[in-house]
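Me: Hi! I'm new to this one and would like a friendly walk through it. Could you show it to me before we start?

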Amino acid sequence: MATPDRIPADSDTAHIQGLDASMVALSFVDNAGITRVKAVPKQRLGSAARYGVGVSPCFETFAFDDLMAVGRYLGGPDGDLRLIPDLSRLTELACQPGWAWAPTDKYTQDGTRFVACQRHFAARQTAAARAAGLRLAMAFETEWAVGRADDADGFTPAIDGPAYGLVRLGQVADYAADLVAALERQGIAVAQFHPEYALGQLELSVEPSEPVTAADEAVLVRHTIRQVSARHGMRASLAPCIKPDGAGSGAHLHLSVTDDEGPLFAGGDGPHGIRPIGAAFLAGVLRELPALVAVGAGNPASFLRLAPSRWAGVWQCWGRETREAALRFVTGVRGTEGWAANAEIKCFDATGNPYLIVGSVIAAGLAGVAERLRLPAEITGDPATFDAEARMMSDVRRLPTTPAEAADHFAASEVLADAMGVELHDALLTVRRAEAQRYAGASAEALVALTRRRF
């Protein structure tokens, strides 16, 4: 039975009727980072918004390979949930003509919120930040590789040329223009596009938004990249690794925090102008990074990317414009600090559920504020070049190097367990441990092949 807050308003009904689309994709992201979908005809969208579309809770413990594990609370064949589309995010898909898209929240059949809804977890943490007087803006960078669509078994780059080079950009100029145009018609403000370092790799950045919107946009950006790539005769992969022993693709998260007095990362008397509350927030994130790896880069293939000296952020430390640190602080150029200063978390990739990522980062930061944590000294340079004494003196530690190790840190995180609740925390842990165990002996080549076309 519907509850009053889920009954579509007249304005929503008018918006539905005005859609230039016959079908609507209703998406959710599972704990393995796979975006799943149900679709309804446009004329059924109003009913879906009121009563939902059925989906099994078994997806809460699906691994990235579509094999199901069973957790303490969730998993198995029993039960049903309702996917309720957020009509405020209803978007006509320029990348997929004839279709529209909306993200969904999960409810039970009696009309209550599903306790393990990932999108609602992000919304709850955003609300908790507001209750603490803090407002966050976030944005995901998106890196991907484009390969030839006719390569059925492997990956043949669709572009070549030097990293960040104009030669490489020239090969994708029409593609890039079409991609950016599609995104902007879908309401996403693109900040930057450029060819990247790795094999066939490109990158796109968007303007920051409030956290749930940032996660919604990450889902939509990735789908748009895949669709536009296909129309240009290419296959896009957002997997963390395309070639073993090579640089991989990340999904770095940028964030800034403000309170009633203004930005927390500028105008203060701390390092680089960071105010005490901002330093405490960052210290909380820094403390939880080993557990956050399981949230945002816990897939077995993620650890092929998470190697030292590749700017993947594998060290639990921070520094201004230090690209080997997992937590990179960006001040902006002189005169822009008040609105440009932000922090970047570099260890994440597209195998992480973006709703879980933003919610977990907020929870970690709020815990730092509540406990009045202090940032350690920043680092410069590449910790891989530090000798043992220098690493000890700077308190720099390597982040988890295996999915099992990351899962153990996640299991031990009281901050994330409390924020998520036992059902969601256990479901994600179940997925990460199942993946870690299943592929403990897999070769790098096998992991690349398994994930190249799933993300």
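Reply: Here is a short chat about annotated domains, helix contacts and a salt bridge. This is a predicted model, so local features need pLDDT of at least 70 and side-chain atom pairs count only at pLDDT 80 or more, while totals for chains, interfaces and linings use all residues. Residues are numbered from 1 along each chain as its sequence is written, and side-chain values use heavy atoms, with hydrogens and water left out.

Me: Thanks! Which residues does the "GS catalytic" domain cover?
Reply: In the UniProt record, an unreviewed entry, that domain covers residues 118–455. UniProt positions are given in the numbering used here, feature names are shortened, and annotations may be inferred rather than shown by experiment. The span is 44% helix and 17% strand, and its end C-alpha atoms lie 18 Å apart. Helices (H or I, at least four residues) and strands (E, at least two) are DSSP runs, numbered from the N terminus.

Me: And where is "GS beta-grasp"?
Reply: UniProt, again in an unreviewed entry, places it at residues 17–111. That span is 8% helix and 38% strand, with end C-alpha atoms 25 Å apart.

Me: Ok, helices now. At what angle do α3 and α10 pack?
Reply: Helix α3 (residues 118–131) and helix α10 (residues 354–370) pack at about 30°, with axes 8 Å apart. Axes are lines fitted to C-alpha atoms, for helices over the stretch in contact, and angles run from 0 to 180 degrees between N-to-C directions. The two helices are therefore roughly parallel to each other; angles under 35 degrees count as roughly parallel, over 145 as roughly antiparallel, 65 to 115 as roughly perpendicular and the rest as oblique.

Me: Which residues in α3 and α10 meet?
Reply: Among them are Phe121, Ala122 and Gln125 in α3, and Leu356, Val358 and Ile362 in α10. Contact means heavy atoms within 4.5 Å. The residues of this contact divide into 10 nonpolar, 5 polar and 1 charged. Here Ala, Val, Leu, Ile, Met, Phe, Trp, Tyr, Cys and Pro count as nonpolar, Asp, Glu, Lys and Arg as charged, and the others, Gly among them, as polar.

Me: How do the axes of α3 and α6 cross?
Reply: They cross at roughly 150° and come within 8 Å, so α3 and α6 are roughly antiparallel to each other. Arg119, Ala122, Ala123 and Thr126 of α3 make the contact with Pro211, Val212 and Asp216 of α6.

Me: What about α5 and α6?
Reply: The axes of α5 (residues 173–185) and α6 (residues 211–231) cross at roughly 140° and come within 10 Å. That pair is therefore oblique.

Me: Switching topic: how many salt bridges are there?
Reply: The structure holds 24, where a salt bridge is a side-chain nitrogen of Lys or Arg within 4 Å of a carboxyl oxygen of Asp or Glu. One of them joins arginine 36 and aspartate 66, with the closest N and O atoms 2.9 Å apart.

Me: Where do arginine 36 and aspartate 66 sit?
Reply: Arginine 36 is in strand β2 (residues 35–41), and aspartate 66 is in the loop between β3 (53–55) and β4 (81–85). The pair links distant parts of the chain, 30 residues apart.
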